[in-house]
Amino acid sequence: MSIPQSGGGPIEHRDQLAEYLESGCKPTQDWRIGTEHEKFGYCLETHQSLPYEGDRSVHAMLSGLSTRYDWAPVLEQGKLIGLQKAGANISLEPGGALELSGAPLETIHQTCDEVNTHLAQVKAIAGEIGVGFIGLGAAPNWLEEDVSLMPKGRYALMDRYMHQVGTTGTWMMRRTCTVQVNLDFGSEADMVKKFRVALALQPVATALFANSPFWEGKINGWQSWRARIWRDLDKARTGMLPFVFEDGMGFERYVDYALDVPMYFVYRDGKYIDALGMSFRDFLKGELPALPGEVPTLSDWADHLTTTFPEARIKKYMEMRGADAGPWRRLCALPAFWVGLMYDQGALDAAWDLCRDWTEEERAALHHDAAKYGLKAEIRGETMQSLAGRCIEIANSGLIARARSGAGGLIPDETHFLDALRDIVARGQTPSDELLAQYHGAWNGNIDKVFDEYSY
C-alpha cells in the first residue's frame with residue numbers, strides 16, 4: 001500500500017483537485033512503466049506467515065535488505081516499515097507481505113531487470129534467516145488469526161473500518177497479494193480512453209493471472225479468490241466504475257467520484273489521525289470533525305486518492321489492479337500486456353474496438369465470471385480464452401510498434417515478455433488450473449505442497 005504523500009500547499013479552490021490529476025499528463029516520450037508486486041513471506045520450517053519482529057520476521061528482512069543493499073530505512077513512530085532507493089520503494093502490506101514499488105522506467109527490459117534484482121536480493125536475505133517467499137493471489141492455508149497486522153497507523157484504522165463496511169476487508173488486508181503496472185497518459189482524452197480500456201479489459205488480466213484457488217486449506221471454487229474477496233470489501237471504493245464510460249468523463253468527473261469515497265485518515269506530523277467515514281467535501285470547507293477549522297493540502301488529496309480501490313484507478317498516472325500475484329517468470333508479463341495495449345495508438349484503438357459497445361451489465365458480468373471461471377468465462381458467446389488471445393495479439397502489435405530493444409540491441413522489442421501469457425491461452429489453463437492439477441495429482445490433496453514447488 002502507498003506511503004504517505006508530502007508537499008503541496010493548502011487547497012484554496014476545488015479546481016486544484018482536477019489540476020492535480022491533470023498535472024500527470026506527459027508527452028509520449030516521457031511515458032514510463034512502474035511495476036508493483038507483492039509476495040507472501042513465511043517461515044521455511046512451519047510455512048506460517050512472518051511476524052513483524054523476531055529472528056525470522058518482516059523486520060529482519062527489511063533490516064537485512066537495508067544493510068546489505070543500501071536501501072534507506074523508512075520509519076513510522078520509530079518502527080521500520082519500509083525502504084527507499086533510487087525512485088523505488090519496498091513497503092509492507094497490512095499482513096506483512098513484501099511489496100516492491102518499482103521506479104518509473106522506460107522499457108519492460110529495464111523493469112524486468114529491476115524485478116529480477118529485487119527478487120535475488122530478497123532470496124539472499126531470506127535464505128540466511130530461514131524465510132521463504134511465494135507469489136500467489138491468496139494465502140492458501142493461513143487463518144485470519146495466524147497473520148499479524150503490521151505496525152502502521154493507516155492499517156490499524158483501515159482494519160477497524162473494514163468491519164463496518166463489508167465482509168472481506170480484513171481478509172484482503174492480511175491474506176491477498178497482487179501484481180500491478182502503473183502507466184502514464186498524455187492528455188485528458190488519452191486518459192479517458194485508456195481508463196475505459198483498462199476497466200473493460202481488466203477481467204482479461206484477472207483471468208490470465210488467476211492464481212488463488214485455495215483458501216484456508218481447501219479449494220474455494222474460484223479461479224481468483226483474491227478478486228472474489230475484493231467484491232465484498234467496501235462497495236463505496238471498489239468495482240468497475242460505470243461512470244467512466246459515460247459522456248462527460250474526465251478529470252473533474254473522477255474528482256466527483258473520489259470526493260464521494262469516505263475518508264480513512266489525515267496524516268500529520270508522522271501520525272495518522274482518525275477520519276474514518278468522514279467527507280473530504282467537508283474537509284474542503286474546513287468542517288472536518290477530525291481537524292475542525294483546517295483545510296486540506298494537496299498531499300492530503302494525494303493520500304485520499306490512494307484509498308480508492310477500483311479495478312483501475314488514476315492519480316497522476318493510471319494503475320492496473322486486477323491481477324493476482326504470481327511466480328517470478330510471470331511478473332514481467334503484466335507490464336508487457338498493458339504497455340502493449342496502451343502505449344501505441346493503433347493498439348489502443350484496436351483494444352477499444354474490442355469492448356467499446358459492451359454494456360455496463362456485460363462488463364459487470366465479465367468481471368465476476370473472470371474471477372469465478374477464468375478462461376472459461378464468456379461474453380457474447382466468445383470465451384475468455386479467445387478474447388484473451390485477441391488481446392495478446394493486439395498487445396504484441398503494440399510492442400512491435402514501440403520497438404524498444406534490450407540486451408544491447410540483441411533483442412529487437414519487448415514481445416517475448418508475452419510468451420508466458422501465450423502459453424496460458426494455448427494450453428487453455430490458468431495458473432489456478434495448474435495449481436489444481438497439481439493438487440489433484442502429485443500433491444495428493446496436500447495444499448501445503450504449494451510452498452515447496454512455487455516459492456521464489
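Visitor: Where is S299 found?

Guide: S299 is found in helix α10, which spans residues 298–305. The model is a predicted one.

Visitor: Why does S299 count as buried?

Guide: Buried means under 20% relative accessible area. S299 has 13% relative accessibility, so S299 counts as buried.

Visitor: What makes the pair S299 and T297 a polar contact?

Guide: The cut-off for a pair of N or O atoms is 3.5 Å. The side chains of S299 and T297 are joined at 2.8 Å, within that limit.

Visitor: Which residues of helix α12 are buried?

Guide: In α12 (residues 345–355) they are A347, L348, A351, W352, L354 and C355.

Visitor: How do you know that the buried residues of α12 line one face of the helix?

Guide: Seen down the axis of α12, they fall within an arc of 150°, so they line one face. In general, an α-helix has 3.6 residues a turn, so residues three or four places apart point the same way.

Visitor: What covers the buried residues of α12?

Guide: The cover includes α6 (188–208), α11 (333–342) and α14 (384–402).

Visitor: What caps the N-terminal end of α12?

Guide: D344 does, with a side-chain oxygen 3.2 Å from the backbone nitrogen of G346.

Visitor: Which residues have the most contacts inside the largest nonpolar core?

Guide: They are F195, L208, F337 and W338, in a core of 136 residues. Helix α6 gives the most to this core, with 12 residues. A second, separate core has 19 residues, including A97, L136, C177 and F451.

Terms used: Residues numbered from 1 in each chain as written. Predicted model: local features only at pLDDT ≥ 70, side-chain atom pairs only at ≥ 80, totals over all residues. Heavy atoms only, no water. Buried < 20%, exposed > 50% of the residue type's maximum accessible area, 1.4 Å probe, protein only. Helix = DSSP H or I, 4+ residues; strand = E, 2+ residues; numbered from the N terminus. Arc of directions from axis to C-beta. Contact = heavy atoms within 4.5 Å. Polar contact = N/O pair within 3.5 Å; in protein donor to acceptor, adjacent residues only side chain to side chain. Core = buried A, V, L, I, M, F, W, Y, C linked by side-chain atoms within 4.5 Å.
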